[in-house]
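Biologist: Can you walk me through this one? I'd like the chains, the interface and a few residues.
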Amino acid sequence: MTDEELMEKVSHGDLARLGELFERHHHKIFDYFTRMTNDHSLSSDLVQNVFEKALKGKHTYKIEYPFIGWIFRIAKNCLMDHYRSRKMKTVEEIEPYHGSYEISMDHLDTSNIEKAMSRLSEESREVLLLTRYEELKYKEVAEIIGISETGVKSRVHRALKQLKEVYVNVI
Amino acid sequence: MRKKITEAQIISLALGELNDSDAEVLRREVMKDDELRNLLQTYTEVIKGTKSLPEVEPPSMVKPRFDDWLGQEISNQRDQLGANKISYLRFIKYAVAASVFIAIGLFIGTKFGENAVDDQIVVNEPIVSNEARLHWVDTESATTRIKGILETEAYIEADPLIRDALISVMRKDKSANVRLAAVEALSIYVQDEVIKEGLISALKVEKEPIVQIAIINTMVGLKEDGAKISLEEFIESDDIQPFVKDEARLGITRM
């Protein structure tokens, strides 16, 4: 059964199907949160929030909409809610990386690309994380972030340029 | 003069955003220049690196936490359905009780009326045919059909035609509420073999969880091997809601 068919069953009351969707996708969502926040414990809580919100909003789901885009939009909203509740800066307000702040690498792998990505602005890191999943096309990423498809393409280019700079000059 | 190749074009090429012919032309030009070739190689490496980052593994407690929560949600859903059923059954029971009181009142009234003074005119109760009693079966209104079930319930035991009509309503009525009322009415006479068979066959075709649960609870009351086997087969069906299967399993343990 496809993700969309499973979620349609959930929206009609077959709640157990949400378990199958969790099995398929919670790793990706956890990965997204961890790479955005660098906090395993927070990311675990946020994953749980995502699926609770998915169940609560099950009546809003339409089978024509790709499930992965829908669940990641909920994930993005959970992350924004977390930032707001903690009175942290939003993704748009984070300053791009200019210099030499230290990032804790305790929780992440130490490949060079990962090091370089951790030094990008949140906006750039987010768009690269989302577009690396094959199921998420520019169109879905645009809806998740809340910008146009052209905007996503432009952000990806900008993020890759930043990443290349950090990767080549710093790492 | 050769057009200058921009970094944006290199990125588009590395990302695979160009069509085949444009990509081929651009790649040929890039390969002619060492600096551009190195830039393309760097971007290709960086993009490959971002796509092949391993997923960070969630801690082992993430799944059990989700499973506990989902189990609770499913249990809450079942309780809510049960509460809705109880409210509806309470309505049916009050309606039945009211009908019984009215019937008793009418009976007493006619009985004492029969012993009255001779010069009173005795009105015989009109003889109503079974067809007339079952006039409600094909009406549009579900409320009318439910009222019809309540009115004919008293004749189930005495009249096979009415019994069979109610079994048919239980299996085929388009309204789940009407089918539920039929189950409730028939459950009073569940020791009747035909009604038992009717319940078992209704369970095989019923799709509405609240009606399924009513049939299950009626069958549980039978405490018979035949009913138990039917419930066990029911649990094996694919398209039954998990909380309904749980109700059946619980019922089997009580049998």
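Modeller: Contact here means heavy atoms within 4.5 Å. Among contacts in chain A between residues at least 6 apart in sequence, 61% join residues at least 24 apart. This is a predicted model, where local features need pLDDT of at least 70, side-chain atom pairs count only at pLDDT 80 or more, and totals for chains, interfaces and linings use all residues. Residues are numbered from 1 along each chain as its sequence is written, chains are lettered from A and ligands numbered from 1 in the order in which they are written, and side-chain values use heavy atoms, with hydrogens and water left out.

Biologist: How many helices and strands in chain A?
Modeller: Chain A has eight helices and zero strands. Helices are DSSP runs of H or I with at least four residues, strands are runs of E with at least two, and both are numbered from the N terminus.

Biologist: And in chain B?
Modeller: Chain B has twelve helices and zero strands. In chain B, 63% of the contacts with a separation of 6 or more come from residues 24 or more positions apart.

Biologist: Which residues touch the most other members of the largest nonpolar core?
Modeller: They are A:Leu18, A:Tyr32, A:Phe33, A:Ile71 and A:Phe72, in a core of 117 residues. Helix H4 (residues 67-85) of chain A gives the most to this core, with eleven residues. A nonpolar core is a set of buried Ala, Val, Leu, Ile, Met, Phe, Trp, Tyr and Cys residues joined through side-chain atoms within 4.5 Å. In soluble globular proteins, nonpolar side chains tend to be buried together.

Biologist: What does A:Phe72 touch?
Modeller: Beyond its neighbours within four places in sequence, A:Phe72 is in contact with A:Lys28, A:Ile29, A:Tyr32, A:Leu130, A:Tyr133, A:Leu136 and A:Ile144.

Biologist: On to the interface. How many residues are in contact?
Modeller: 34 residues of chain B are in contact with 42 residues of chain A. B:Leu53, B:Val56 and B:Phe66 supply 19% of the area that chain B buries against chain A, more than any other three residues. The area buried between the chains is about 3400 Å², and carbon and sulfur atoms give 67% of that. Buried area is the accessible area (1.4 Å probe) that two parts lose on being put together, summed over both.

Biologist: How many salt bridges across it?
Modeller: The rule finds five across the interface of chain B and chain A. A salt bridge is a side-chain nitrogen of Lys or Arg within 4 Å of a carboxyl oxygen of Asp or Glu. One joins the side chains of B:Glu17 and A:Lys153 (3.8 Å, N to O).

Biologist: Which helices of chain B supply at least two residues to the side that touches chain A?
Modeller: Helix H1 (7-15), helix H3 (34-51) and helix H4 (62-114) of chain B each do.

Biologist: What does A:His27 touch?
Modeller: Not counting residues up to four places away in sequence, A:His27 touches B:Glu55, B:Val56, B:Glu57 and B:Pro58. A:His27 sits in helix H2 (residues 17-37) of chain A. A:His27 counts as partly exposed, at 24% relative accessibility.

Biologist: Now B:Lys196. Buried or exposed?
Modeller: B:Lys196 is buried, with a relative accessible area of 5%. This lysine is in helix H9 (residues 193-205) of chain B. B:Lys196 touches B:Val190, B:Gln191, B:Leu222 and B:Glu224, leaving out residues up to four places away in sequence.

Biologist: Last one. Where is A:Asn38?
Modeller: A:Asn38 is in the loop between H2 and helix H3 (40-56) of chain A. A:Asn38 has a positive phi of about 60 degrees although it is not a glycine. At 22% relative accessibility, A:Asn38 counts as partly exposed.

Notes
Buried means under 20% relative accessible area, exposed over 50%, partly exposed in between (1.4 Å probe, protein chains only).
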